[in-house]
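Please examine the fold shown below.

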Amino acid sequence: MKKLNLILVLSLIFTTTIFAQKTFTLTSKDLGGETTKVQEFNGFGCSGENQSPQLSWKNAPEGTKSFAVTMYDPDAPTGSGFWHWVVVDIPANVNELVTGAGTKNLVPKGAVQSVTDFGIKGFGGPCPPVGHGFHQYIITVYALKTDKLGTDENTNPAVVGFNLWNQTLAKASIIVYYKR
């Protein structure tokens, strides 16, 4: 009986190890649990450096043809949240956006930064109203089943979001917080 139990346990461990899938994961060397003045927007009442964070991802699913990255604040007092960054058409062989990519035009060749709710193209950092408490900023990388999303730099975030919804194979997010 003990031998049978040992065989069952070893079989379970072996099967789990063999068939375990690695998850699509997003990380950042620049971000911890909160953003800082380095990422804070410069304008709109804020005085930060407006530097987009370094982001990297791994374990994209098979069939990924491109990536997209967004940064969204669901706590903004707008009734519909606030889009801070929208990047699409990142080539499938890319797995990182370097620090400042969204503000120094260092996105990979072929990638498109669409307009944000600030009305600018590229990264617009956190800028919650003073005294409004912590806002959460959801940064998401999308693995897409198309190489081109069919949007351009003037496409508003809601339309980009609809196209992302229709083309997403997998997504991974990190959440950071900021208040003023």
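Does Asn59, at 32% relative accessibility, count as buried, partly exposed or exposed, and why? Asn59 counts as partly exposed because its relative accessibility is 32%; buried means under 20% relative accessible area, exposed over 50%, and partly exposed in between, with a 1.4 Å probe and protein chains only. Asn59 is located in the loop between β4 and β5. Its phi is near 65°, a positive value in a residue other than glycine.

This is a predicted model, in which local features need pLDDT of at least 70 and side-chain atom pairs count only at pLDDT 80 or more, while totals for chains, interfaces and linings use all residues. Residues are numbered from 1 along each chain as its sequence is written, and side-chain values use heavy atoms, with hydrogens and water left out.

The protein chain contains two helices and ten strands. Helices (H or I, at least four residues) and strands (E, at least two) are DSSP runs, numbered from the N terminus. Read from the N terminus, the order of elements is α-β-β-β-β-β-β-β-β-β-α-β. The protein chain has 180 residues, of which 45% count as buried. Among its contacts between residues at least 6 apart in sequence, 72% join residues at least 24 apart; a contact means heavy atoms within 4.5 Å. The accessible surface amounts to about 9,800 Å², and 56% of this belongs to carbon and sulfur atoms. Such areas come from the Shrake-Rupley method with a 1.4 Å probe, and for residues only the protein chains shown count as cover.

The strand pairings may be considered next. Two strands pair if DSSP finds at least two bridges between them. An open sheet of three strands has the order β1-β4-β7, and its pairing is antiparallel. Because β1 (25–27) and β7 (96–97) stand at the edges, each with a single partner strand, one side of each is left without a neighbour in the sheet. Strands β4 and β7 are joined by two bridges, and Leu55 stands opposite Leu97 in β7. In the loop that lies between β3 (46–47) and β4, Asn50 has a phi near 50°, a positive value in a residue other than glycine. Asn50 is buried, with a relative accessible area of 13%.

Strand β6 takes part in other pairings. Seven bridges join β6 to β5, and these two strands run antiparallel; Phe67 stands opposite Ile90 in β6. Two bridges join β6 to strand β8 (residues 112–113), again with the strands running antiparallel, and here Val88 stands opposite Val112 in β8. Nine of the ten residues of β6 are buried, so this strand is largely enclosed by the rest of the structure.

The interior can be described through its nonpolar cores. A nonpolar core is a set of buried Ala, Val, Leu, Ile, Met, Phe, Trp, Tyr and Cys residues joined through side-chain atoms within 4.5 Å. The largest has 26 residues, of which Trp57, Val69, Ile90 and Ile139 touch the most other members. Two or more residues each are given to this core by β4 (55–58), β5 (66–73), β6 (82–91), β9 (135–144) and β10 (168–178). The largest share, five residues, comes from β10. Leaving aside neighbours within four places in sequence, Ile139 is in contact with residues including Leu26, Leu55, Val69, Ile174 and Val176.

Ile175 lies in strand β10 and counts as partly exposed, at 40% relative accessibility.

A further loop residue is Asn154, which lies between β9 and α2 (157–167). Asn154 counts as exposed, at 52% relative accessibility. Not counting residues up to four places away in sequence, Asn154 touches Val115 and Lys121. Asn154 and Lys121 are 33 residues apart in sequence and 7.9 Å apart in space, C-alpha to C-alpha.
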